[in-house]
Amino acid sequence: MLIGPQAVFFHQGPYHSHLKKLIQSSFLPSAIKGSIHKIEGIVLNLLLIWENSDTVNTLNEMKKYSYEVAMISVFGKKLEAVEMDRLKHLYHCIEKGYNSMPLDLPGTSFKKAMKARKLLNERLRKMIEKRRGTEDHGGGLLGVLLGLKGKDQLSDSQIADNIIGVIFAAHDTTASVITWLLKYLHDHPHLLDAVKMEQEVIKCRRLETNRGITWDDTRQMPVTTRVLQETLRNASILSFTFREAVADVEIDGYFIPRGWKVLPLFRTIHYSSDFFPEPDKFDPSRFEVAPRANTFMPFGNGAHSCPGSEIAKVEMLILLHHLTTSFRQA
């Protein structure tokens with residue numbers, strides 16, 4: 001009700017496959033490369049704010065960061081500050097309602113969220129209508145969805161639901177991962193030193209050529225990437241997912257009837273000593289060897305895996321690069 005019934009998460013079959021391919025096309029390396037300088041600009045602006053702040057609430061700041069990156073990914077360009085704040089206010093109302101009891105009564109978070117969802121839909125419809133009338137649809141996921149022709153063309157409500165869905169999926173999850181990432185680095189100074197050393201090398205290369213960070217730079221961060229992978233395993237932000245048995249099936253002596261809901265627990269898999277020795281230990285070196293298939297699933301798995309996993313990782317690596325080379329641990 002709050003995200004939207006046409007969002008990709010709530011479907012399977014041809015509609016789901018078609019939408020997922022479209023969303024993935026917005027987050028291919030070729031598309032991400034064009035957004036890296038924009039993401040870096042967001043990071044540099046935030047660093048200036050943090051530098052002049054006495055106290056920084058990490059999770060709140062990471063939410064601001066992931067929200068701005070999500071907006072660029074969806075709309076292809078930075079929106080006007082006023083429009084950005086309006087959308088953010090409505091989105092936060094929806095977020096609060098999503099995590100509340102669904103009581104459709106005046107004054108409740110759910111009621112306020114439903115009202116905000118209606119207003120957000122109206123704003124998105126106006127943006128969609130405006131961009132439909134131009135040859136250049138503005139890039140990002142919205143540009144991809146508006147560029148469809150003929151029988152593939154999506155309605156305004158389908159586009160709006162999937163835009164809201166992507167922002168919802170990209171916002172809290174990424175912010176939570178970065179918050180845990182910073183905590184683990186703080187708790188393990190030797191890992192922080194190793195990450196800083198790696199990032200300083202990249203910074204020197206950047207300064208020598210007088211440029212910002214690039215896609216190729218993010219591919220040359222093995223130590224930092226392993227720390228990120230271990231954070232994703234240890235924190236397991238996506239703890240579980242829902243699946244439905246589409247046919248009667250028997251697994252390890254257990255019979256699961258068609259129509260039953262199954263709840264795969266990724267956190268349990270990530271903490272299995274069969275796959276990860278000493279699972280309670282924060283040890284990025286375990287990822288020097290690729291984990292066995294279907295044992296490391298921070299972004300889900302299969303047809304319903306997260307289509308934005310690559311941009312999420314790039315987003316985290318860019319932030320870590322500038323944070324570790326601009327600030328010192330107190």
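Q: What share of the 330 residues of the protein chain counts as buried?
A: This is a predicted model, in which local features need pLDDT of at least 70, side-chain atom pairs count only at pLDDT 80 or more, and totals for chains, interfaces and linings use all residues. Residues are numbered from 1 along each chain as its sequence is written, and side-chain values use heavy atoms, with hydrogens and water left out. A residue is buried under 20% relative accessible area, exposed over 50% and partly exposed in between (1.4 Å probe, protein chains only). Of the 330 residues of the protein chain, the share that counts as buried is 43%.

Q: How many helices and strands does the protein chain have?
A: Helices (H or I, at least four residues) and strands (E, at least two) are DSSP runs, numbered from the N terminus. By that count the protein chain has 13 helices and four strands.

Q: Which radius of gyration does the protein chain have?
A: The C-alpha trace spans about 60 × 50 × 45 Å along its principal axes. The radius of gyration is taken over C-alpha atoms, and the globule rule is 2.2 Å times the number of residues to the power 0.38. For 330 residues a compact globule would have a value near 20 Å, which agrees with the protein chain's own 21 Å.

Q: Among contacts between residues at least 6 apart in sequence, what percentage joins residues at least 24 apart?
A: Contact means heavy atoms within 4.5 Å. Among contacts in the protein chain between residues at least 6 apart, the part that joins residues at least 24 apart is 70%.

Q: How far apart do the centres of the positive and negative side chains lie?
A: Lys and Arg count as positive and Asp and Glu as negative, while His and the chain ends are not counted. Each charge is placed at NZ of Lys, CZ of Arg, CG of Asp or CD of Glu. There are 42 positive and 37 negative side chains, and the centres of the two sets are separated by 5 Å.

Q: Is Ser73 buried or exposed?
A: Ser73 lies in helix α4, residues 58-75. Leaving aside neighbours within four places in sequence, it is in contact with Phe27, Gly140, Leu141 and Ile311. Because its relative accessibility is 10%, Ser73 counts as buried.

Q: Is Thr58 buried, partly exposed or exposed?
A: Thr58 is also found in helix α4. Beyond residues up to four places away in sequence, Thr58 touches Thr179 and Leu182. Its relative accessible area is 30%, so Thr58 is partly exposed.

Q: What is the C-alpha separation of Ser326 and Leu44?
A: Ser326 has its place in helix α13. At 45% relative accessibility, Ser326 counts as partly exposed. Ser326 and Leu44 are 282 residues apart along the chain, and their C-alpha atoms are separated by 10.0 Å.

Q: What is the phi of Asn294?
A: Most residues other than glycine have a negative phi. Asn294, in the loop between α12 and α13, counts as exposed at 53% relative accessibility. Its phi is positive, near 65°.
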